[in-house]
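Subject: Structure handover

Hello,

Here is the structure I promised to pass on to you. Please have a look at it first, and then read on for what I found in it.

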Amino acid sequence: MSMAVLMWSAFLALCAAALSGQADAQDNATQEAAHRQAMLARLPADAAKRVFGLMTTPFAGPPHAIGDYTKGCAAGAVQLPADGPTWQVMRPSRNRSWGHPALIAFLERIAAAAPSAAGWPGLLVGDIGQPRGGPMLTGHTSHQIGLDADIWLTPMPDRRLSQGERDEMLATNVVAADLNDIEPTVWRPQHRRLLEAFARSPEIARIFVNPAIKRALCREAGADRSWLARIRPWWGHNYHFHLRLSCPRGETECRDQAPVPLGDGCGAELNWWFTAEAKHPAPGPPGIGPRVSDLPLACAVLVQGR
């Protein structure tokens with residue numbers, strides 16, 4: 001077996017293990033609390049998931065994104081207000097509406113533009129990050145340095161949702177049951193316009209969507225397809241999309257991902273996501289994740305003072 005095949009097999013196993021160990025982002029407050037308690041029961045004291053997952057307040061001081069999106073932490077995070085003119089924060093009981101000030105400002109700005117740019121009345125904002133970033137007890141592998149956020153594929157209603165509704169209601173699934181395409185009775189042109197508006201924003205590094213959504217965007221995009229490169233297929237993401245900002249200018253401890261590949265991403269690389277290998281990865285055992293000592297040294301400082 002070639003080294004490339006071995007590396008790809010290891011990558012699939014890693015992804016499958018991560019997926020099997022994650023609670024569903026759709027979980028309501030009771031389900032989420034149960035998953036958290038189960039994780040706490042089996043994690044060692046120095047597990048980064050435990051240490052950062054129990055932090056309830058941000059680390060005071062200047063904002064810093066430290067490390068990379070899947071192995072890092074965040075100083076000086078700020079919280080997206082629960083309500084804005086064109087957004088509402090969902091799953092508030094999780095306390096995951098914290099991010100780098102650059103991300104929070106971006107969300108407020110693009111939410112204000114969504115009605116005119118996409119015919120989208122407002123954003124329902126899912127998980128952003130924990131008060132000090134870092135690995136989460138449940139859910140995401142990324143969202144660690146304050147530069148990731150989930151946006152529901154459900155338009156904001158014309159009223160303010162109660163906290164109970166925000167913790168309990170389900171987001172809209174726009175993908176067909178066979179995972180091969182979008183569900184035509186649910187998908188609307190406004191979905192494409194919203195994703196395009198995000199993808200054309202210069203701050204965006206990547207947007208992760210279900211492969212079926214990427215397929216629909218490839219089909220519906222116009223002559224200018226440059227924005228499609230930033231839309232990347234990934235498992236799940238059938239009821240929300242995951243946006244990721246590039247490291248803010250001057251953030252020397254922040255590690256960007258490699259640039260997105262050239263092209264619109266609509267060819268052979270997309271076709272792979274509809275193979276049996278991609279659609280049904282073998283499940284793996286959930287892991288405990290990194291220790292605090294495995295993260296950048298600055299992350300240990302963030303949790304010493306509690």
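**Around His-237**

Leaving aside neighbours within four places in sequence, His-237 is in contact with Phe-208, Val-209, Asn-210, Ile-213 and His-242. This histidine sits in the loop between strand 10 (231-233) and strand 11. His-237 counts as buried because its relative accessibility is 12%, below the 20% cut-off. Its side chain reaches the backbone oxygen of Trp-235 at 2.7 Å.

Before going further, a word on confidence. This is a predicted model, with a mean pLDDT of 91 for the protein, and 91% of its residues reach 70 or more. Residues 1-22 are the stretch to treat with care: the pLDDT there is below 50, although this stretch has 28 contacts in the model beyond near neighbours in sequence. Where pLDDT is low, the predicted coordinates should not be read in detail.

**Asn-210 and helix 7**

Asn-210, one of the contacts of His-237, lies in the loop between strand 9 and helix 7. With a relative accessibility of 7%, Asn-210 counts as buried. What does the side chain of Asn-210 reach? It reaches the backbone oxygen of Gly-236 at 2.8 Å. At the start of helix 7, a side-chain oxygen of Asn-210 also comes to within 2.9 Å of the backbone nitrogen of Ala-212. Setting aside neighbours within four places in sequence, the contacts of Asn-210 are Val-175, Trp-234, Gly-236, His-237 and Asn-238.

Helix 7 itself is mostly covered, with 7 of its 10 residues buried. These are Pro-211, Ala-212, Ile-213, Lys-214, Ala-216, Leu-217 and Cys-218. The cover over them includes helix 6, strand 9, strand 10 and helix 8 (268-271).

Arg-215 is also in helix 7, but at 26% relative accessibility it counts as partly exposed. Leaving aside neighbours within four places in sequence, Arg-215 is in contact with Asn-180, Asp-181, Leu-270 and Phe-274. Arg-215 and Asp-181 are 34 residues apart in sequence, while their C-alpha atoms are 6.8 Å apart in space.

Strand 8 pairs with strand 11 (residues 240-245) in the antiparallel sense over 5 bridges. Within strand 11, His-242 stands opposite Asp-150; His-242 is also among the contacts of His-237.

The largest nonpolar core has 46 residues, and those with the most contacts inside it are Leu-107, Leu-123, Phe-198, Ile-207, Ile-213, Phe-241 and Leu-243. Elements that give two or more residues to this core include strand 5 (87-89), strand 7 (123-125), strand 8, helix 6 (189-199), strand 9 (204-209), helix 7 (211-220) and strand 11. Which element gives the largest share of this core? Helix 4 does, with 8 residues. Leu-243 touches, among others, Leu-103, Phe-106, Leu-107, Ala-149, Ile-151, Phe-198 and Ile-207, not counting residues up to four places away in sequence.

In helix 10 (residues 297-304), Cys-299, Ala-300, Leu-302 and Val-303 are buried. They cover an arc of only 155 degrees around the axis, which puts them on the same side of helix 10. Leu-297 and Gln-304, on the other side of helix 10, are exposed.

What covers the buried residues of helix 10? The cover includes helix 3 (48-53), strand 1 (64-68) and strand 2 (71-75). Strand 1 and strand 2 run antiparallel and are joined by 5 bridges, and a hairpin links them through 2 residues. Gly-67 has Gly-72 in strand 2 as its bridge partner. Strand 2 is mostly covered, with 4 of its 5 residues buried.

Notes
Residues are numbered from 1 along each chain as its sequence is written. This is a predicted model: local features need pLDDT of at least 70, side-chain atom pairs count only at pLDDT 80 or more; totals for chains, interfaces and linings use all residues. Side-chain values use heavy atoms; hydrogens and water are left out. Buried means under 20% relative accessible area, exposed over 50%, partly exposed in between (1.4 Å probe, protein chains only). The arc is that of the directions from the helix axis to the C-beta atoms. Contact means heavy atoms within 4.5 Å. Two strands pair if DSSP finds at least two bridges between them. pLDDT is the predictor's confidence in each residue, from 0 to 100. A nonpolar core is a set of buried Ala, Val, Leu, Ile, Met, Phe, Trp, Tyr and Cys residues joined through side-chain atoms within 4.5 Å. A polar contact is a pair of N or O atoms within 3.5 Å; within protein, one must be able to donate a hydrogen and the other to accept it, and residues adjacent in sequence count only if both atoms are side-chain atoms.
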